[in-house]
Amino acid sequence: NAKLRNPQRAVSIARRVCELTNYQSPSLLDTLAAAYAASGKFNKAVEIAEKALEFAIVSEQKEFAEKIRSRLSLYKARQPYREP
């Protein structure tokens with residue numbers, strides 16, 4: 001729902017959670033990347049999504065890595081991710 005979206009707040013919260021986990025969780029990094037993309041910061045979204053992808057690959061989360069790759073393509077095309 002567009003009325004409920006607050007990308008700047010989402011970035012703030014996601015960044016804080018990533019700080020608390022030392023930027024080591026692929027799922028939290030993926031969330032932060034989506035928040036950056038929603039706020040129009042696509043370069044930052046790509047950077048963070050690439051880190052999330054690396055962690056997912058290293059931790060052998062193959063299905064999740066594919067989902068991150070898909071979202072990464074959106075960010076590179078300067079488009080935010082929206083859950084279906």
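Select Arg-16 and Glu-19, whose side chains form a salt bridge with N and O 3.5 Å apart; a salt bridge is a side-chain nitrogen of Lys or Arg within 4 Å of a carboxyl oxygen of Asp or Glu. Because these residues stand three apart in helix α1, Arg-16 and Glu-19 are separated by about one helical turn. Helices here are DSSP runs (H or I, at least four residues), as strands are (E, at least two), and they are numbered from the N terminus. Arg-16 is partly exposed at 46% relative accessibility, and Glu-19 is partly exposed at 36%. For these words, buried means under 20% relative accessible area, exposed over 50%, and partly exposed in between (1.4 Å probe, protein chains only).

The model on the screen is predicted, so local features need pLDDT of at least 70 and side-chain atom pairs count only at pLDDT 80 or more, while totals for chains, interfaces and linings use all residues. Residues are numbered from 1 along each chain as its sequence is written, and side-chain values use heavy atoms, with hydrogens and water left out.

Next, select Lys-76 and Glu-50, another pair joined by a salt bridge (3.9 Å, N to O). Lys-76 belongs to helix α4 and Glu-50 to helix α3, so this pair ties together parts that are 26 residues apart in sequence. Lys-76 is exposed, at 53%, whereas Glu-50 is partly exposed, at 33%.

Remain on α4 and select Arg-69 with Glu-66. Their salt bridge has its closest N and O atoms 2.5 Å apart, and the two residues lie three apart in this helix, about one turn. Then select Lys-44, Glu-47 and Lys-51, which are linked in a network of salt bridges. The count for the model comes to six salt bridges.

Asn-22 is exposed, at 57% relative accessibility. Tyr-23 lies in the loop between α1 and α2 as well; Tyr-23 has a positive phi of about 55 degrees although it is not a glycine. Tyr-23 is partly exposed, with a relative accessible area of 29%.

The interior is the next stop. In soluble globular proteins, nonpolar side chains tend to be buried together. A nonpolar core is a set of buried Ala, Val, Leu, Ile, Met, Phe, Trp, Tyr and Cys residues joined through side-chain atoms within 4.5 Å. Select Leu-32, Tyr-36, Ile-48, Ile-68 and Tyr-75, which touch the most other members of the largest core, a set of 23 residues. At least two residues of this core come from each of α1, α2, α3 (42–58) and α4 (62–76), and α3 gives the largest share, eight residues.

Centre the view on Tyr-75. Apart from neighbours within four places in sequence, its contacts (heavy atoms within 4.5 Å) include Asp-30, Phe-42, Val-46 and Tyr-81.

Finally, display the largest pocket, which holds about 430 Å³ of space. Of its 18 lining residues, select Ala-10, Ala-34, Ala-35, Ala-38 and Tyr-81, the closest to its centre. The elements that give two or more residues to this lining are α1 (7–20) and α2 (26–38).

Terms used: On a 1 Å grid over the protein atoms alone, a cavity is a set of points where a 1.4 Å probe fits but cannot get out, and a pocket is an open set with protein on both sides within 12 Å along at least five of seven lines; lining residues have an atom within 4 Å of a point. Grid points are joined across faces, edges and corners, and a volume is the space filled by probe spheres set on the points.
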